[in-house]
Amino acid sequence: MARLKIATFNINGIRARQDALLEWLEREQPDIACLQELKAPDEAFPQAELERIGYGALWHGQKSWNGVAILARGSKPEEQRRGLPNDPDESQSRYLEADVQGLRVACLYLPNGNPWPGPKFDYKLAWFARLRTHASKLLKDDVPTILCGDFNVVPTDELDIYNPASWRKDALLQPESREAWFALLGQGWTDAIRAVHGDARIYTFWDYFRKHWDRDAGLRIDHLLLSPSLAPLLRDAGVDRWVRGQPGASDHAPTWVELDTTAKATRVGRARAESSARSATSIARASVAKGRGAGKTASAGAEGAATRKAGAASVTKTVARPAKTASARTRSATVAPAPTGANAPKGGTKLATKAVKVRKALKATKATKATKPTKGAKA
DNA sequence: ATGTCTGAAGTTTTCAGA
């Protein structure tokens, strides 16, 4: 069975973390790796060092900020495009697309959008809209595609962040950001981490402030989305948390999927994946829309419920292996020695038990919020 | 409100961006 491991990693400065990058590649051996936030001009990209350990590369840098790259073990990615169509501002290097081993790989670094509200947030939404337009064309053309990168969106309050309270005014949690995310999923893309892990809390980013890593106070903002033709090939997904625990680490950890490229994307499997993605997203979308009118608490609850359904549906329908097995195996294989703190994930916890816990926690949150209005930041 | 990190400008400190 041929397994293809595809990873995405916001490296936060490729020059500052070149050694960390090489160590991760040598240890985890991804077949394809998408990098974001190179923060380096094109001429400073460490092409020779990567080739020395067997990786061909394509990169799109800029001075100081942004910058994306696609690495391929044993080959050079064939460039298909750099930048999204109809981008009025070509100065920001945030998108690179290439063919590798018969797959179309899109590496993206979606604008952060802070401070919210403001022009940077508007730029984020406009960029997201251009991404959706282009993504729908990839689906229409039936290109087997994986979209990966730092989307700068926390999809739900319940499963994708340690505690949303202090992030309410952050661009990563705004309803408009989430609406854009679910609209993209609604085209037929499968959120691979959710499809494999169901209700489990998974984080990919821990900011440098307030000892967030030590407390496992993370966010899930790095995502890998599979086109309908690839979704039935999904076998596993995870986060290389050990990388975040290294001295001087990036604030993100590499996030990955494994596809079984020998599996036949049968018509049945494909139809299943498409319908599960569609129904999951229509529920999520409807609840996000409803939540906007009804207020944030309602939005958060409804959206969480929809996403739990989405995750569960995807697990049973698109992953050939039982989700429980895949999930437990992945956690034991990829979770670093537990950071101190109550939020540290527990390996081997049954998915069902977890789901109940999440629902209970959600109920408790709702009850609290009903009696106590959300505290805003002090003026 | 705060917190921490990178890269830059341009000199040992400050700033923006995240």
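## Helix 1 and its two sides

On one side of helix 1 (residues 18-28), Asp19 and Arg27 are exposed, exposed meaning over 50% relative accessible area, buried under 20% and partly exposed in between, with a 1.4 Å probe and protein chains only. The model is a predicted one, in which local features need pLDDT of at least 70 and side-chain atom pairs count only at pLDDT 80 or more, while totals for chains, interfaces and linings use all residues. Residues are numbered from 1 along each chain as its sequence is written, and side-chain values use heavy atoms, with hydrogens and water left out.

Leu21, Leu22, Trp24 and Leu25 of helix 1 are buried. Because they cover an arc of only 165° around the axis, they lie on the same side of helix 1, the arc being that of the directions from the helix axis to the C-beta atoms. An α-helix has 3.6 residues a turn, so residues three or four places apart point the same way.

## Surroundings of helix 1

The buried residues of helix 1 pack against strand 1 (3-10), strand 2 (32-36), helix 2 (47-52), strand 3 (55-60), strand 4 (68-73) and helix 6 (241-244); here helices (H or I, at least four residues) and strands (E, at least two) are DSSP runs numbered from the N terminus. Helix 1 is followed by glutamine 29, whose phi is positive, near 50°.

## The annotated active site

An unreviewed UniProt entry lists Tyr109, Asp150 and His252 under "active site", and such annotations may be inferred rather than shown by experiment. Although these residues are spread over 144 residues of sequence, they cluster in space, with a largest C-alpha distance of 12.8 Å.

## Aspartate 150 and histidine 252

Aspartate 150 is placed in strand 8 (residues 145-150) and, at 2% relative accessibility, counts as buried. Leaving aside residues up to four places away in sequence, aspartate 150 touches Asn10, Gln36, Leu108, Tyr109, Leu110, Ile221, Asp222 and His252, where contact means heavy atoms within 4.5 Å. Its side chain also makes a polar contact of 2.9 Å with the side chain of asparagine 10, a polar contact being a pair of N or O atoms within 3.5 Å of which, within protein, one must be able to donate a hydrogen and the other to accept it, and residues adjacent in sequence count only if both atoms are side-chain atoms.

Histidine 252 lies in the loop between helix 6 and strand 12 (255-260) and counts as buried at 3% relative accessibility. The side chains of histidine 252 and asparagine 10 are joined by a polar contact of 3.4 Å.

Note on methods. Chains lettered and ligands numbered in written order.
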